[in-house]
Amino acid sequence: MTAEQRAAMIEKMVEGLAAKLKVNGKDVAGWINLVRAYTVMGRRGDAQAALAEARGQLAGDNAALAEFAALEKSLGLGS
(Lines give C-alpha, C1' and ligand atoms only; values in the text may rest on other atoms or scores of the structure.)
Protein backbone atom coordinates (compact mmCIF):
# COMPACT_ATOMS: atom_id res chain seq x y z
CA MET A 1 0.00 0.00 0.00
CA THR A 2 1.39 3.39 -0.94
CA ALA A 3 1.53 6.32 1.46
CA GLU A 4 -1.27 8.01 -0.47
CA GLN A 5 -3.47 4.92 -0.29
CA ARG A 6 -2.78 4.60 3.42
CA ALA A 7 -3.64 8.27 4.00
CA ALA A 8 -6.87 7.90 2.01
CA MET A 9 -7.86 4.81 3.98
CA ILE A 10 -7.22 6.59 7.30
CA GLU A 11 -9.16 9.64 6.14
CA LYS A 12 -12.11 7.43 5.17
CA MET A 13 -12.05 5.70 8.57
CA VAL A 14 -11.95 9.01 10.45
CA GLU A 15 -14.78 10.46 8.38
CA GLY A 16 -16.78 7.28 9.01
CA LEU A 17 -16.31 7.70 12.75
CA ALA A 18 -17.38 11.34 12.53
CA ALA A 19 -20.52 10.32 10.64
CA LYS A 20 -21.27 7.61 13.19
CA LEU A 21 -21.01 10.16 16.00
CA LYS A 22 -23.52 12.41 14.24
CA VAL A 23 -26.01 9.55 14.63
CA ASN A 24 -24.95 8.47 18.16
CA GLY A 25 -23.39 11.44 19.92
CA LYS A 26 -23.35 9.69 23.29
CA ASP A 27 -20.30 7.53 22.45
CA VAL A 28 -17.59 8.93 24.75
CA ALA A 29 -14.88 6.58 23.47
CA GLY A 30 -15.79 7.43 19.89
CA TRP A 31 -15.39 11.16 20.55
CA ILE A 32 -12.04 10.58 22.22
CA ASN A 33 -10.86 8.52 19.26
CA LEU A 34 -12.06 11.16 16.80
CA VAL A 35 -10.30 13.99 18.63
CA ARG A 36 -7.08 11.98 18.82
CA ALA A 37 -7.30 11.06 15.14
CA TYR A 38 -7.79 14.67 14.07
CA THR A 39 -4.86 15.69 16.26
CA VAL A 40 -2.55 13.06 14.77
CA MET A 41 -3.63 14.16 11.30
CA GLY A 42 -2.65 17.73 12.13
CA ARG A 43 -6.26 18.91 12.01
CA ARG A 44 -6.25 20.92 15.24
CA GLY A 45 -9.32 22.97 14.34
CA ASP A 46 -11.32 19.83 13.62
CA ALA A 47 -10.15 18.32 16.91
CA GLN A 48 -11.29 21.40 18.81
CA ALA A 49 -14.62 21.44 16.97
CA ALA A 50 -15.14 17.75 17.75
CA LEU A 51 -14.44 18.43 21.44
CA ALA A 52 -16.99 21.23 21.44
CA GLU A 53 -19.57 18.99 19.77
CA ALA A 54 -18.81 16.16 22.20
CA ARG A 55 -19.31 18.48 25.15
CA GLY A 56 -22.63 19.58 23.73
CA GLN A 57 -23.80 16.03 23.14
CA LEU A 58 -22.81 14.92 26.65
CA ALA A 59 -23.51 18.14 28.55
CA GLY A 60 -25.06 16.41 31.57
CA ASP A 61 -22.42 13.69 31.90
CA ASN A 62 -19.85 15.03 34.35
CA ALA A 63 -17.58 12.00 34.00
CA ALA A 64 -17.47 12.41 30.22
CA LEU A 65 -16.85 16.14 30.51
CA ALA A 66 -13.94 15.45 32.86
CA GLU A 67 -12.51 12.98 30.34
CA PHE A 68 -12.79 15.57 27.58
CA ALA A 69 -11.08 18.19 29.72
CA ALA A 70 -8.20 15.82 30.45
CA LEU A 71 -7.93 14.91 26.76
CA GLU A 72 -7.91 18.56 25.76
CA LYS A 73 -5.11 19.26 28.22
CA SER A 74 -3.05 16.22 27.26
CA LEU A 75 -3.25 17.09 23.56
CA GLY A 76 -2.62 20.80 24.10
CA LEU A 77 -5.88 21.79 22.47
CA GLY A 78 -6.86 24.53 24.91
CA SER A 79 -7.46 27.99 23.55
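Predicted model: local features only at pLDDT ≥ 70, side-chain atom pairs only at ≥ 80, totals over all residues.

**Helices and their packing**

Visitor: Which helices are included in what covers the buried residues of H3?
Guide: A helix is a DSSP run of H or I of at least four residues (for strands, E, at least two), numbered from the N terminus. Buried means under 20% relative accessible area, exposed over 50% and partly exposed in between, with a 1.4 Å probe and protein chains only. The cover over the buried residues of H3 includes H2 and H4.

Visitor: Why do the buried residues of H3 lie on the same side of the helix?
Guide: The buried residues of H3 are Ala47, Ala50, Leu51 and Ala54. They are placed on the same side of H3 because the arc they cover around the axis, taken from the directions to the C-beta atoms, is only 105 degrees.

Visitor: How far does H3 reach from its first C-alpha to its last?
Guide: H3 has 14 residues. The expected span, 1.5 Å times one less than the number of residues, comes to 20 Å for H3. The reach in the model is close to that, at 20 Å.

Visitor: Against which helices do the buried residues of H4 pack?
Guide: Helix H4 comprises residues 62–75, and in it Ala64, Phe68 and Leu71 are buried. These cover an arc of only 60 degrees around the axis, so they sit on the same side of H4. Their packing partners are H2 and H3.

Visitor: Which exposed residues does the opposite face of H4, turned away from its buried side, carry?
Guide: The buried side of H4 is formed by Ala64, Phe68 and Leu71. On the face turned away from that side, the exposed residues are Asn62, Ala63, Lys73 and Ser74.

Visitor: How far apart are the end C-alpha atoms of H4?
Guide: H4 has 14 residues, so at 1.5 Å a residue it should span 20 Å. The model agrees, because the end C-alpha atoms are separated by 20 Å.

Visitor: Against which helices do the buried residues of H2 pack?
Guide: H2 has 13 residues and reaches 19 Å from end to end, close to the expected 18 Å. Its buried residues are Val28, Gly30, Trp31, Ile32, Leu34, Val35, Ala37 and Tyr38. They pack against H1, H3 and H4.

Visitor: At roughly what angle do the axes of H1 and H2 cross?
Guide: Residues Val14, Glu15, Leu17, Ala18 and Leu21 of H1 are in contact (heavy atoms within 4.5 Å) with Gly30, Trp31, Asn33, Leu34, Ala37 and Tyr38 of H2. Axes are lines fitted to C-alpha atoms, for helices over the stretch in contact, and angles run from 0 to 180 degrees between N-to-C directions. The axes of H1 (residues 3–23) and H2 (residues 28–40) come within 10 Å and cross at roughly 145 degrees.

**Individual residues**

Visitor: Which residues does Ile32 touch, not counting residues up to four places away in sequence?
Guide: Ile32 is in H2, and at 11% relative accessibility it counts as buried. Its C-alpha lies 9.8 Å from that of Ala64, 32 residues away along the chain. With residues up to four places away in sequence set aside, Ile32 touches Glu67, Phe68 and Leu71.

Visitor: Is Val40 buried or exposed?
Guide: Val40 also belongs to H2. Because its relative accessibility is 74%, Val40 counts as exposed.

Visitor: Which residues does Glu67 touch, not counting residues up to four places away in sequence?
Guide: Glu67 is part of H4, and its relative accessible area of 41% makes it partly exposed. Beyond those sequence neighbours, Glu67 touches Val28 and Ile32.

Visitor: How far apart in space are Arg44 and Leu77, C-alpha to C-alpha?
Guide: Arg44 is found in H3 and is partly exposed, with a relative accessible area of 39%. Not counting residues up to four places away in sequence, Arg44 touches Tyr38, Gly76, Leu77 and Gly78. Arg44 and Leu77 are 33 residues apart in sequence, and their C-alpha separation is 7.3 Å.

Definitions and conventions
Residues numbered from 1 in each chain as written. Heavy atoms only, no water.
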